[in-house]
Amino acid sequence: MFAGNDVPVIYKIDIHKDINPTTRLYLSEGMKEARSIQAEAIIIDMNTYGGTVVDADSMRSSVLYSSIPVYVFINNNAASAGALIAIAGKKIFMNKGAAIGAATVVEQTGSAAPDKYQSYMRGIIKTTAEFHGKDTIISGRDTIYKWKRDPKIAEAMVDARVYIPLISDTGKVLTLTTEEALKYGYCDGVAKNIDEIVEKYLFIPKYELVIYQPSWYEDIKGFLLNPIFQGILIMIIVAGIYFELQSPGIGFPSIAALTAAVLYFTPLCMDGVAQYWEIIIFGIGLILIALEIFVIPGFGIAGVSGIILSVTGLLLALLNNNDFDFKPIETSDLFRSFLTVSGGVLSGFLLILYGASRIGKQGILKKIALDAEINSSIVTIVEKESLVGKNGITLTVLRPSGKVMVEGEIYDAISETGQFINEGIEVKILKQETAQIYVS
């Protein structure tokens, strides 16, 4: 608990931005360093308007169960997710003019999120306040037990329906000023800076202050671990695989999908979240999908199994399980992982629908389509003489669909048996419909 010169070490971690994966890393790495140097105490210098509930919940747990006492200094604001983290601290100190509260969960538009999200936030902020227990007050012959931090007040910071006489009116989410927080047990002292906290309230006159300095690596890793960015990477993986299957050879779509997969799994592995077997599951899923498309006619068990394994690999990689032990996983982590993966997959399908309609037209997808000159000469079979029995040459690989030239004109064609047919192979037309021909 002391530095080499027997002076206690106070470790300070600044949280001066939105609560997100980056600030979560700041706290995690900072607390790890504080433990390594045997710090006497950790002080979080906070000024935030909030952020993601999932990251705030993770940070809250780290503060609550820290082996080193964690104190929170609200330099200016501890709003929303910041309030949840602050309430987890052993003691809360506030600057004059600071505020804590307004922890209602909101959507990106700024409007309140559905009640199921509010219910979760109400639950965790209430149990966080309860964690600090009660004070025992002896008054004459009476013994009174009083919450150190009234859970009802914490709940009122989330739910505007909570009414507390003289404190919170119904219809208004509670935010406490420094003086109000001091009065109602949500502030343990008013201070201008860290020095005043340590000397006046922690009673340590002489100490060494160590400040956590985040590295560029943690900033980059925090960005890559952002759920929104992870969803975008999943979207690129899904769309990249699809568009690669629609274009001959190996090109830009496969490079984009591979790059997205590397950016998705690498930070999760380095953070110790993703397990190698989860990446193997994802890889096996891709192999099964490739086998279904290139080897096995039609789309059956291999294709469905491949999709399930690939999505499962993406989902499991986000969960902080210990090998095959999933007991440590909290509901919030599972919920966040599901939203990230499902959102990315859905976005990928939407991109596929949009991109499929743009292939061959002017735009960024033009290069992965067939040559414009070939596309312009494609004809639709309408009121033409029958082609059945005639021969043609495949212009593209039939997988099992593609393009076939018959008597100088290009038609949409499908392999009758579902078998793949390479480019430049002579085929025979077996059947003809309005928009396409079937060949063998």
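Predicted model: local features only at pLDDT ≥ 70, side-chain atom pairs only at ≥ 80, totals over all residues.
Local features require pLDDT of at least 70 and side-chain atom pairs count only at pLDDT 80 or more, whereas totals for chains, interfaces and linings use all residues. Residues are numbered from 1 along each chain as its sequence is written, and side-chain values use heavy atoms, with hydrogens and water left out.

Helix 1 (residues 21-36) packs against helix 2 (residues 53-64) at an angle of about 15°, their axes lying 9 Å apart. Helices here are DSSP runs of H or I with at least four residues, and strands are runs of E with at least two, numbered from the N terminus. Axes are lines fitted to C-alpha atoms, for helices over the stretch in contact, and angles run from 0 to 180 degrees between N-to-C directions. The two helices are therefore roughly parallel (angles under 35 degrees).

Ala-160 belongs to the loop between helix 5 (151-156) and strand 8 (175-177). Its relative accessible area is 22%, so Ala-160 counts as partly exposed (between 20% and 50%, with a 1.4 Å probe and protein chains only). Beyond its neighbours within four places in sequence, Ala-160 contacts residues including Asp-169 and Val-173. Its C-alpha atom is 7.3 Å from that of Leu-174, 14 residues apart along the chain.

Five strands form a closed barrel in the order 11-12-13-15-14, with mixed pairing (at least two DSSP bridges between paired strands). Strand 11 (residues 391-394) and strand 14 (residues 426-432) run antiparallel, joined by three bridges; Asn-391 stands opposite Lys-428 in strand 14.

Technical notes: Contact = heavy atoms within 4.5 Å. Parallel < 35°, antiparallel > 145°, perpendicular 65-115°, else oblique.
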